[in-house]
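Student: I am new to this structure and would like to learn how to read it. Could we go through it feature by feature?

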Amino acid sequence: TVHAIEEAEAALAEGIDIIIARGKQAHSIQRHSKAIVVEIRLTAQELGLLVMKAKALVDKERPRIGLFGWGNTLSDTSHFDDLYNVDLRRYILYREEDRVSGILAVERDELDVVIAGEGMLRAAEAYGIPGVYLAGTGESLLIALRSAEDTLRVLEKQQYNEKQLAYVM
């Protein structure tokens, strides 16, 4: 994460057109570089699997689960409470300061389990709260790759049109 912007700039210098990234890395690259970023967004199916893992960590009929994600990392979970018999609380982080408020929410909201990235998992562990790493199955990566391919086709078409216009001029 700390080197995401440097790596993005190096990739751009090597001629890379599109960067596929997730979470905080995607957010940082978008904000601090000129790169076109296709974000990896975890699918509802992937999130459902994570919720089931989290639920298995505690011996509670309807556990309160904190789901932490940066920016657009998380897909729709609006029906998860009914589907999985949980009390799912979403915490979307957009700035580094949001991470601090997220850490405070771990205790304040009396979460039983946390689904998050490494930093938030460490914070939850400090409170004695178990957690599950926010990881996908590969499905979200395949979707992001397809989206990047579509974006590349649009860029190529735009470049072709600009060349045609320059030729006409």
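Student: Is Thr 73 buried or exposed?

Tutor: This is a predicted model, so the values here are computed from predicted coordinates. Burial is judged by relative accessible area, and under 20% means buried. Thr 73 has 1% relative accessibility, so Thr 73 counts as buried.

Student: Where is Thr 73 in the chain?

Tutor: Thr 73 sits in the loop between strand S3 (64–70) and helix H4 (80–84).

Student: Which atoms does the side chain of Thr 73 reach, and which residues is Thr 73 in contact with?

Tutor: For a side chain, look at its polar atoms and then at its neighbours. The side chain of Thr 73 reaches the backbone oxygen of Trp 70 at 2.6 Å. A polar atom of that side chain also lies 3.4 Å from the backbone nitrogen of Gly 23. With neighbours within four places in sequence left aside, Thr 73 is in contact with Arg 22, Gly 23, Ile 40, Arg 41, Leu 42 and Leu 134.

Student: Which residues of H2 are buried?

Tutor: A helix can be read by listing its buried residues and then what they pack against. In H2, the buried residues are Gly 23, Ala 26, His 27, Ser 28 and Ile 29. These buried residues pack against H1, strand S1 (18–21), strand S2 (36–39) and S3.

Student: At what angle do H1 and H2 pack?

Tutor: For a pair of helices, take the angle and the distance between their axes. Helix H1 (residues 4–13) and helix H2 (residues 23–32) pack at about 60°, and their axes are 9 Å apart. That angle makes H1 oblique to H2. The crossing of H1 past H2 is right-handed.

Student: Which residues make the contact of H1 with H2?

Tutor: On H1 the contact is made by Ala 4, Ile 5, Ala 8 and Glu 9, and on H2 by Gln 25, Ser 28, Ile 29 and His 32. By type, the residues of this contact divide into four nonpolar, three polar and one charged.

Student: Where is Glu 46, and what does its side chain reach?

Tutor: Begin with the element, then the accessibility, then the partners. Glu 46 is in helix H3 (residues 44–56). Its relative accessible area is 1%, so Glu 46 is buried. The side chain of Glu 46 reaches the backbone nitrogen of Thr 43 at 2.9 Å. A polar atom of the Glu 46 side chain also lies 2.7 Å from the backbone nitrogen of Thr 137. Not counting residues up to four places away in sequence, Glu 46 touches Arg 41, Gly 136, Thr 137, Gly 138, Glu 139 and Ser 140.

Student: Which side chain does Asp 87 join in a polar contact?

Tutor: The side chains of Asp 87 and Arg 64 are joined by a polar contact of 2.9 Å. Asp 87 is in strand S4, and at 18% relative accessibility Asp 87 counts as buried. Apart from residues up to four places away in sequence, Asp 87 touches Arg 62, Pro 63, Arg 64, Ile 65 and Asp 81.

Student: What is the phi value of Asn 85, and what is that of Glu 110?

Tutor: Phi of Asn 85 is near 55°, a positive value in a residue other than glycine. Asn 85 is in the loop between H4 and strand S4 (87–93), and at 28% relative accessibility Asn 85 counts as partly exposed. Phi of Glu 110 is near 50°, again positive in a residue other than glycine. Glu 110 is in the loop between helix H5 (96–108) and strand S5 (113–116), and at 59% relative accessibility Glu 110 counts as exposed.

Student: Which residues is Ala 144 in contact with?

Tutor: Leaving aside neighbours within four places in sequence, Ala 144 is in contact with Ile 20, Val 38, Glu 39 and Ile 40. Ala 144 is in helix H7 (residues 139–168) and is buried, with a relative accessible area of 2%.

Student: How many helices and strands does the protein chain have?

Tutor: The protein chain has seven helices and six strands. Along the sequence they follow the pattern α-β-α-β-α-β-α-β-α-β-α-β-α. Of the 169 residues, 38% count as buried. The C-alpha trace spans about 70 × 30 × 20 Å along its principal axes.

Methods
Residues numbered from 1 in each chain as written. Predicted model: local features only at pLDDT ≥ 70, side-chain atom pairs only at ≥ 80, totals over all residues. Heavy atoms only, no water. Axes fitted to C-alpha atoms, helices over the stretch in contact; angles between N-to-C directions. Helix = DSSP H or I, 4+ residues; strand = E, 2+ residues; numbered from the N terminus. Parallel < 35°, antiparallel > 145°, perpendicular 65-115°, else oblique. Left-handed = near helix turned anticlockwise from the far one by under 90°. Contact = heavy atoms within 4.5 Å. Nonpolar A, V, L, I, M, F, W, Y, C, P; charged D, E, K, R; others polar. Buried < 20%, exposed > 50% of the residue type's maximum accessible area, 1.4 Å probe, protein only. Polar contact = N/O pair within 3.5 Å; in protein donor to acceptor, adjacent residues only side chain to side chain.
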